[in-house]
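This report describes one protein model for a reader who has not seen it before. Please look over the sequence and the structure first.

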Amino acid sequence: MLRAFSLSFLLLAAQAGGVVAQGTNVALGGAQPDPDAPVEITSETLNVDRNAGTALFEGDVLVVQGQLRLTSDEVFVSYVEDTETGKTAVEEIIATGNVVMVNGAEAAEGEKAVYSPITNSVVMTGEVLLTQGPSTIAGDTLVVNLATGEGVMEGRVRTVFQSGNSE
(Lines give C-alpha, C1' and ligand atoms only; values in the text may rest on other atoms or scores of the structure.)
Protein backbone atom coordinates (compact mmCIF):
# COMPACT_ATOMS: atom_id res chain seq x y z
CA MET A 1 0.00 0.00 0.00
CA LEU A 2 2.48 2.63 1.11
CA ARG A 3 5.68 2.93 -0.83
CA ALA A 4 8.99 3.05 0.93
CA PHE A 5 9.14 6.46 2.56
CA SER A 6 12.01 8.60 1.37
CA LEU A 7 11.90 12.07 2.89
CA SER A 8 13.63 14.43 0.50
CA PHE A 9 13.93 17.18 3.07
CA LEU A 10 15.83 14.77 5.32
CA LEU A 11 18.82 15.42 3.07
CA LEU A 12 18.70 19.04 4.18
CA ALA A 13 19.09 18.18 7.85
CA ALA A 14 22.73 18.18 8.84
CA GLN A 15 22.16 16.99 12.40
CA ALA A 16 19.53 15.33 14.54
CA GLY A 17 16.81 17.70 15.65
CA GLY A 18 13.08 18.39 15.78
CA VAL A 19 10.80 20.44 13.57
CA VAL A 20 7.20 21.40 14.32
CA ALA A 21 4.87 22.72 11.59
CA GLN A 22 1.19 22.89 10.66
CA GLY A 23 1.57 20.87 7.43
CA THR A 24 4.49 19.12 5.85
CA ASN A 25 4.90 17.96 2.25
CA VAL A 26 6.78 14.70 2.00
CA ALA A 27 8.34 13.09 -1.04
CA LEU A 28 7.91 9.34 -0.91
CA GLY A 29 10.07 6.97 -2.90
CA GLY A 30 10.99 3.35 -3.16
CA ALA A 31 9.32 0.43 -4.87
CA GLN A 32 6.34 1.28 -7.05
CA PRO A 33 3.19 -0.37 -5.67
CA ASP A 34 1.27 -2.64 -8.02
CA PRO A 35 -2.44 -1.74 -7.97
CA ASP A 36 -3.11 -4.73 -10.24
CA ALA A 37 -1.59 -7.22 -7.78
CA PRO A 38 -4.13 -9.40 -5.99
CA VAL A 39 -5.32 -8.23 -2.56
CA GLU A 40 -5.16 -11.03 0.04
CA ILE A 41 -7.00 -10.55 3.35
CA THR A 42 -6.98 -12.85 6.38
CA SER A 43 -8.99 -12.40 9.59
CA GLU A 44 -10.83 -14.18 12.40
CA THR A 45 -14.28 -13.56 10.88
CA LEU A 46 -15.72 -12.47 7.55
CA ASN A 47 -19.23 -11.14 6.83
CA VAL A 48 -20.10 -10.65 3.15
CA ASP A 49 -23.08 -8.79 1.70
CA ARG A 50 -22.93 -9.66 -1.98
CA ASN A 51 -25.92 -7.47 -2.88
CA ALA A 52 -24.25 -4.41 -1.35
CA GLY A 53 -20.80 -5.36 -2.64
CA THR A 54 -19.20 -5.27 0.81
CA ALA A 55 -17.17 -7.46 3.10
CA LEU A 56 -16.32 -6.92 6.77
CA PHE A 57 -13.20 -8.62 8.14
CA GLU A 58 -12.81 -8.59 11.93
CA GLY A 59 -10.15 -9.75 14.35
CA ASP A 60 -6.40 -9.70 13.69
CA VAL A 61 -6.83 -8.55 10.09
CA LEU A 62 -3.92 -8.74 7.64
CA VAL A 63 -4.14 -7.22 4.14
CA VAL A 64 -1.35 -7.93 1.66
CA GLN A 65 -0.96 -6.50 -1.85
CA GLY A 66 2.45 -7.08 -3.39
CA GLN A 67 5.04 -5.78 -0.90
CA LEU A 68 2.48 -3.77 1.03
CA ARG A 69 1.15 -5.10 4.37
CA LEU A 70 -1.62 -3.61 6.47
CA THR A 71 -2.79 -4.87 9.86
CA SER A 72 -5.76 -3.64 11.91
CA ASP A 73 -8.62 -4.68 14.17
CA GLU A 74 -11.25 -4.38 11.42
CA VAL A 75 -11.31 -3.94 7.64
CA PHE A 76 -14.35 -2.96 5.57
CA VAL A 77 -14.04 -3.65 1.83
CA SER A 78 -16.31 -2.35 -0.90
CA TYR A 79 -16.03 -3.97 -4.29
CA VAL A 80 -17.68 -4.06 -7.69
CA GLU A 81 -18.31 -7.08 -9.84
CA ASP A 82 -18.10 -6.80 -13.63
CA THR A 83 -21.18 -8.65 -14.86
CA GLU A 84 -19.63 -9.28 -18.29
CA THR A 85 -16.32 -10.75 -17.11
CA GLY A 86 -17.35 -11.96 -13.65
CA LYS A 87 -14.23 -10.36 -12.17
CA THR A 88 -14.33 -8.47 -8.89
CA ALA A 89 -12.44 -5.20 -8.30
CA VAL A 90 -11.79 -3.69 -4.88
CA GLU A 91 -12.95 -0.07 -4.78
CA GLU A 92 -11.93 0.85 -1.26
CA ILE A 93 -10.45 -0.69 1.87
CA ILE A 94 -11.19 1.02 5.20
CA ALA A 95 -9.09 -0.21 8.11
CA THR A 96 -9.90 0.86 11.67
CA GLY A 97 -8.29 0.24 15.04
CA ASN A 98 -4.53 -0.12 15.55
CA VAL A 99 -3.75 0.33 11.86
CA VAL A 100 -0.17 -0.35 10.75
CA MET A 101 0.99 -0.19 7.13
CA VAL A 102 4.44 -1.52 6.27
CA ASN A 103 6.55 -1.55 3.12
CA GLY A 104 10.04 -2.86 3.84
CA ALA A 105 11.71 -0.91 6.65
CA GLU A 106 9.19 1.97 6.41
CA ALA A 107 5.95 2.03 8.40
CA ALA A 108 2.97 4.24 9.17
CA GLU A 109 0.52 3.76 12.01
CA GLY A 110 -2.73 5.43 13.04
CA GLU A 111 -6.32 4.72 14.03
CA LYS A 112 -7.87 4.66 10.55
CA ALA A 113 -6.66 4.20 6.97
CA VAL A 114 -8.63 4.45 3.74
CA TYR A 115 -6.92 2.80 0.78
CA SER A 116 -8.17 3.07 -2.80
CA PRO A 117 -6.43 0.64 -5.17
CA ILE A 118 -8.20 2.29 -8.12
CA THR A 119 -6.76 5.77 -7.41
CA ASN A 120 -3.66 4.32 -5.71
CA SER A 121 -4.07 6.57 -2.67
CA VAL A 122 -4.08 6.26 1.11
CA VAL A 123 -5.48 8.61 3.75
CA MET A 124 -4.45 7.76 7.32
CA THR A 125 -5.88 9.56 10.35
CA GLY A 126 -5.71 9.47 14.14
CA GLU A 127 -2.34 10.26 15.70
CA VAL A 128 -0.40 9.19 12.62
CA LEU A 129 3.24 8.20 13.01
CA LEU A 130 5.39 7.73 9.92
CA THR A 131 8.85 6.20 10.35
CA GLN A 132 11.81 5.77 8.06
CA GLY A 133 14.73 4.16 9.83
CA PRO A 134 15.44 6.28 12.92
CA SER A 135 13.53 9.37 11.67
CA THR A 136 9.84 10.05 12.32
CA ILE A 137 7.03 12.39 11.31
CA ALA A 138 3.85 12.59 13.41
CA GLY A 139 0.60 14.42 12.72
CA ASP A 140 -3.17 14.11 12.55
CA THR A 141 -3.56 13.10 8.89
CA LEU A 142 -1.29 11.57 6.25
CA VAL A 143 -2.45 11.72 2.62
CA VAL A 144 -0.35 9.75 0.14
CA ASN A 145 -0.60 9.46 -3.64
CA LEU A 146 1.20 6.17 -4.22
CA ALA A 147 1.36 6.69 -7.99
CA THR A 148 3.33 9.95 -7.75
CA GLY A 149 5.15 9.32 -4.48
CA GLU A 150 3.87 12.58 -3.00
CA GLY A 151 2.30 12.97 0.39
CA VAL A 152 1.23 15.53 2.95
CA MET A 153 1.25 15.21 6.74
CA GLU A 154 -1.21 17.65 8.30
CA GLY A 155 -2.25 18.80 11.77
CA ARG A 156 0.41 19.99 14.19
CA VAL A 157 3.19 18.06 12.48
CA ARG A 158 6.24 17.03 14.48
CA THR A 159 9.33 15.80 12.67
CA VAL A 160 12.36 14.26 14.32
CA PHE A 161 15.48 13.78 12.20
CA GLN A 162 18.13 11.35 13.35
CA SER A 163 21.58 11.73 11.85
CA GLY A 164 23.19 8.72 10.23
CA ASN A 165 26.12 8.80 12.66
CA SER A 166 25.46 7.70 16.24
CA GLU A 167 29.05 8.08 17.43
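Where is the place of D60? D60 lies in strand 4.

## Basis of the model

The model is predicted, and local features need pLDDT of at least 70, side-chain atom pairs count only at pLDDT 80 or more, and totals for chains, interfaces and linings use all residues. Residues are numbered from 1 along each chain as its sequence is written, and side-chain values use heavy atoms, with hydrogens and water left out.

## Overall make-up

The protein chain has 0 helices and 10 strands. Both kinds of element are DSSP runs numbered from the N terminus: helices are H or I with at least four residues, strands are E with at least two. Read from the N terminus, the order is β-β-β-β-β-β-β-β-β-β.

Of the 167 residues in the protein chain, 38% are buried. Here buried means under 20% relative accessible area, exposed means over 50%, and partly exposed is in between (1.4 Å probe, protein chains only). The accessible surface of the protein chain is about 9100 Å², and carbon and sulfur atoms account for 49% of it; such areas come from the Shrake-Rupley method with a 1.4 Å probe, and for residues only the protein chains shown count as cover. Among contacts (heavy atoms within 4.5 Å) in the protein chain between residues at least 6 apart in sequence, 46% join residues at least 24 apart.

## The largest pocket

The largest pocket has a volume of about 270 Å³. Of the 16 residues that line this pocket, V39, V77, Y79, T88 and V90 are the closest to its centre. Two or more lining residues come from each of strand 2 (39–42), strand 3 (45–49), strand 4 (54–65), strand 5 (68–81) and strand 6 (88–103).

A pocket is an open set of points on a 1 Å grid over the protein atoms alone, where a 1.4 Å probe fits, with protein on both sides within 12 Å along at least five of seven lines; lining residues have an atom within 4 Å of a point. Grid points are joined across faces, edges and corners, and the volume is the space filled by probe spheres set on the points. By class, the lining has 13 nonpolar, 2 polar and 1 charged residues. Ala, Val, Leu, Ile, Met, Phe, Trp, Tyr, Cys and Pro count as nonpolar, Asp, Glu, Lys and Arg as charged, and the others, Gly among them, as polar.

## The salt bridge

The count is 1 salt bridge (a side-chain nitrogen of Lys or Arg within 4 Å of a carboxyl oxygen of Asp or Glu). The side chains of R50 and E81 form it, at 3.2 Å from N to O. This pair links distant parts of the chain, 31 residues apart: R50 is in the loop between strand 3 and strand 4, and E81 is in strand 5. R50 is exposed at 60% relative accessible area, whereas E81 is partly exposed at 38%.

Most residues other than glycine have a negative phi. D60 has a positive phi, near 50 degrees, and is exposed, with a relative accessible area of 64%. R156 also has a positive phi, near 45 degrees. R156 belongs to strand 10 (residues 150–161) and is exposed at 55%.

V157 is found in strand 10 and is buried at 1% relative accessibility. R158 and G139 are 19 residues apart in sequence and 6.5 Å apart in space, C-alpha to C-alpha.
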